[in-house]
Amino acid sequence: MSAKEINEIKAIAGSYNLENYDQVKDTFEWEDAAKELSYFQTGKVNAAYETIDRHVEEGYGDKIALHYINGDERKSLTFNEVKHQTDHYAQVLKDHGVQKGDRVFVFLPKTPACYISILAVIKIGAIAGPLFEAFMEEAVKDRINDCKGTVLITDKELVKRVPQKDIPSLETILFAEEIDALPQAPAKESLVEWVDLEDGLIIHYTSGSTGKPKGVLHAHRSMIHHIISGKWVLDIQEDDVYWCTSHPGWVTGSVYGLFAPWLNRATIVIQGGRFKAENWYQLIAELKVTTWYSAPTAFRMLLSQGEIFKEYDLSSLRHILSVGEPLNPEVIHWAWNNLGLRIHDTWWMTETGGHLIVNLPNEKIKPGSMGRPFPGITVGILDSEGNELPRGSVGQLAIRAPWPGLMKEIWGNKDKFNSYFLYEGWYISGDLALQDEEGYVFFQGRSDDMINSAGERIGPFEVESKLIEHPAVSEAGVVGKPDPIRGEIVKAFITLRTGFVESEALLEEIRLFVRKNLSAHAAPREIEVVDELPKTKISGKILRRKLKEQELQKLHA
Ligand code: WT7
């Protein structure tokens, strides 16, 4: 197929007039998004091929694919180089016997090797399981065990947090440093494994209000959702420098940090190291970032640093987006007054695989709302029987299923998967919301006990289970407590076992126990010792709702 023919097909998605939201919403077909992908012509499916190899074949091999920045370290790779390295990693995986459908975990900091590893796994038809770099032993172990991962790509530092003897399925551990050092022979034949649209692509573990984290499996068909939302919501253009601040271990970091931008041939920024306002602004100025996708917590932290942004040239910025938690109108106003840009909120979930409620670049923004349904997406606000409520009422936020990015399954847990689809034809998000006459959706909270701290989803059950493993803790109830910067913080109420006396040192020890074994983001920032926890009369289950109510009353007192 000639470049001209390809461009004619690409023009199909381009032919929608995004200035006219209502018209696009009524006429958009997901099929037109699929036409943007090469598999639509060739019949050959592989998301890693579409992400990198395709651009090389279409003559963009010399374009910069990524800028890596970490402290004083700088590195840039072209699409040619990323393809070459991905092939190299893919060959190593093949040499170790990895086969289509195998689960290969990637536990690496935010470095080019992390992105390359994920693509290499996908290229050979295996399923990538990216892990957030801050996970500790238990979090790593639970995830790999759940879907019986056989291979892990990590480094010499993070491997210390992999309890190998407790992960029986794990056959091979590969170190990125060692793969990089191996001689790189040009691949003799293509390493791409052509798969089916329904074959597994990536598995992300995410928390709910009960049980251990669940493995949300996405299929290759998600790339249809990724490419079009990348074009329309991220508004990716040829010369953009695009920076998503999330780690690929979270779905934002994989879908909008890797797939969507690279399917659209953008130059991405990979930034290592911890959050520091000065470094972030410096990065934008130095790399001339045009498009920036981050989270309200990060924006609030920047805001709290006052005027230091004035010391940096941020004039390259054209488009800012947010996700993960409610975006405060105050933050929107700050960006508008100081950067001259609106922050575009987006709403979606690990399970939904892509944007569902968005603010398209040219639409009117209503501060306090998450935006309107992405074209092709129908929102319903449902009552407790699954009936649609009229506009303006608060109810369960549901989406007409299916759509291309929707998860394929919850690994090994059909009941859990089915619980999202209690009402015929709807996916239930677990969020509460209202939709106004113009279609804008306003977030009202969760209908369950899930905690959202700094945009990260935390299951209270996981934290409670870890807490009661500490010898001093008898019972625990964990809730989200409102916090001006993080949205919510994890707060634990505990009762002590007899023989233990409350002290600052003991509480700190308990906090560190969770931090060391589970992960830093899930460790309670506050622990309160109580004599007794509120429980249901019949089953004796801890009433988190009650704890939360008491906490909110204290705040408002
Ligand atoms: C939950 C999903 C995939 C996106 C990152 C988080 C909350 C997400 C918003 C928003 C208010 C939001 C919801 C949702 N959430 N975006 N724009 N405004 N709340 O993905 O970890 O799967 O969490 O995050 O409660 O259900 P996640």
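This note sets out numbered points on the predicted model shown above.

1. Basis. The model is predicted; local features require pLDDT of at least 70 and side-chain atom pairs pLDDT 80 or more, whereas totals for chains, interfaces and linings use all residues. Residues are numbered from 1 along each chain as its sequence is written.

2. Domains. The domain assignment, which is automatic or taken from a database, gives domain 1 (3-435) and domain 2 (448-556). Their centres, taken over C-alpha atoms, are separated by 31 Å. The contact involves 24 residues of domain 1 and 21 residues of domain 2, two residues being in contact if their C-beta atoms, placed from the backbone, lie within 7 Å. On the side of domain 1 that touches domain 2, helix H8 (137-146) and helix H13 (296-304) are the elements that give two or more residues, and H13 gives the most, with five residues. Helices (H or I, at least four residues) and strands (E, at least two) are DSSP runs numbered from the N terminus. By class, this side of domain 1 has nine nonpolar, ten polar and five charged residues; Ala, Val, Leu, Ile, Met, Phe, Trp, Tyr, Cys and Pro count as nonpolar, Asp, Glu, Lys and Arg as charged, and the others, Gly among them, as polar.

3. Helix H13. The buried residues of H13 are Pro-296, Thr-297, Ala-298, Phe-299, Arg-300 and Leu-302. A residue is buried if 20 or more other C-beta atoms, placed from the backbone, lie within 10 Å of its own, exposed if 12 or fewer, and partly exposed in between. The packing partners of these buried residues include helix H12 (277-287), helix H14 (329-339) and strand S24 (487-496). After H13 comes Gly-306, with a positive phi near 75°.

4. Nonpolar core. The largest nonpolar core has 142 residues, and those touching the most other members are Leu-93, Val-104, Val-106, Ile-118, Val-121, Val-463 and Ala-492. Helix H7 (residues 112-123) gives the most to this core, with nine residues. Because domain 1 and domain 2 both give residues to the core, it lies between them. Such a core is a set of buried Ala, Val, Leu, Ile, Met, Phe, Trp, Tyr and Cys residues joined through C-beta atoms within 7 Å. Leaving aside neighbours within four places in sequence, Ile-118 is in contact with Val-106, Ala-128, Pro-130, Pro-248, Ser-254 and Leu-258.

5. Ligand shell. The ligand is surrounded by 21 residues, of which the closest are Trp-347, Met-349, Thr-350, Phe-443 and Arg-457; a residue counts as near if its C-beta atom, placed from the backbone, lies within 6 Å. Helix H11 (251-263), strand S13 (343-347), strand S19 (426-435) and strand S20 (441-446) are the elements that give two or more residues to this shell. The shell divides into eight nonpolar, eight polar and five charged residues.

6. Backbone details. The peptide bond from Ala-401 to Pro-402 is cis, with omega near 0°. Although not a glycine, Lys-148 has a positive phi of about 50°; Lys-148 is partly exposed, with 14 other C-beta atoms within 10 Å. Arg-265, also not a glycine, has a positive phi of about 60°, and Arg-265 counts as buried because it has 20 C-beta neighbours inside 10 Å.
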